Amino acid sequence: RDRRTDAGPDWPQLQSKILFGIDWHVIKRVRNYTQFQDAYATVLREGGMYTPADLEAFQGDNALRFLGLQPGGKNRQRLERFYTAHDIEPPIWFQP
């Protein structure tokens, strides 16, 4: 089903709040679990449930924004200071 249609005029507000999440301890027991997120994205994209921008927001951008980890976010700035002060290499996802 198309979530945009179901949500109607509320879609823009809802779309920015939907987060991707899984029960990692459960999914890790499934064969080819490392490909789960890509397979899931394919289902959502091909089913017409999400546009590419919706999917990108759902799979990461919304969570980063919520947690303040996007560039300029308060938590990101705090972590940048911490990494610098302790001479720690930031994780790959954190690097520009």
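**Notebook: a walk through an all-helix model**

I started with aspartate 87, which counts as exposed, at 73% relative accessibility. A reminder to myself: this is a predicted model. I placed aspartate 87 in the segment after α6 (74–85).

**Back into α6**

Next I looked at the helix that aspartate 87 follows. I noted 12 residues in α6 and a reach of 17 Å from its first C-alpha to its last. That is close to the 16 Å expected at 1.5 Å a residue.

Which residues of α6 are buried? I found Arg76, Leu79 and Tyr83. They cover an arc of only 65° around the axis, so they sit on the same side of α6.

I then followed arginine 76 to its side-chain end. Its charged end sits over the ring of phenylalanine 94, 4.2 Å from the ring centre.

**Aromatic pairs**

I searched the whole structure for aromatic pairs and got 7. One of them joins phenylalanine 20 and tyrosine 40: the pair is tilted, with 5.7 Å centre to centre and 50° between the planes. Phenylalanine 20 lies in the loop between α2 and α3 (24–27) and tyrosine 40 in helix α4 (residues 36–46), so this pair ties together parts 20 residues apart in sequence.

Tyrosine 40 has another partner, phenylalanine 58. I noted that pair as tilted too, 6.4 Å centre to centre with 40° between the planes. Tyrosine 40 is in helix α4 and phenylalanine 58 in helix α5 (residues 52–66), so the pair ties together parts 18 residues apart in sequence. Phenylalanine 58 is buried, with a relative accessible area of 8%.

Putting the rings together, I logged one aromatic cluster made of Phe20, Phe36, Tyr40 and Phe58.

**Glutamine 15**

Where is glutamine 15? I found it in helix α2 (residues 11–15). Glutamine 15 counts as buried because its relative accessible area is 13%, under the 20% cut-off. What does glutamine 15 touch, leaving aside its neighbours within four places in sequence? I wrote down Ala53, Asp54, Ala57 and Asn62 as its contacts.

**Whole chain**

Last, I stepped back. I counted 6 helices and 0 strands in the protein chain, and along the sequence the pattern reads α-α-α-α-α-α. The radius of gyration is 16 Å, well over the 12 Å that the globule rule gives for 96 residues, so the chain is more spread out than a compact globule. The C-alpha atoms fill a box of roughly 50 × 40 × 20 Å along the principal axes.

I noted that 21% of the 96 residues count as buried. For contacts between residues at least 6 apart in sequence, I have 42% joining residues at least 24 apart.

Key:
Residues are numbered from 1 along each chain as its sequence is written. This is a predicted model: local features need pLDDT of at least 70, side-chain atom pairs count only at pLDDT 80 or more; totals for chains, interfaces and linings use all residues. Side-chain values use heavy atoms; hydrogens and water are left out. Helices (H or I, at least four residues) and strands (E, at least two) are DSSP runs, numbered from the N terminus. Buried means under 20% relative accessible area, exposed over 50%, partly exposed in between (1.4 Å probe, protein chains only). Contact means heavy atoms within 4.5 Å. Rings of Phe, Tyr and Trp (its six-membered ring) pair if their centres lie within 6.5 Å; planes under 30 degrees apart count as stacked, over 60 as edge-to-face and the rest as tilted. A charge sits over a ring if NZ of Lys or CZ of Arg is within 6 Å of the ring centre and within 35 degrees of the ring normal. The expected span of a helix is 1.5 Å times one less than its number of residues. The arc is that of the directions from the helix axis to the C-beta atoms. The radius of gyration is taken over C-alpha atoms; the globule rule is 2.2 Å times the number of residues to the power 0.38.
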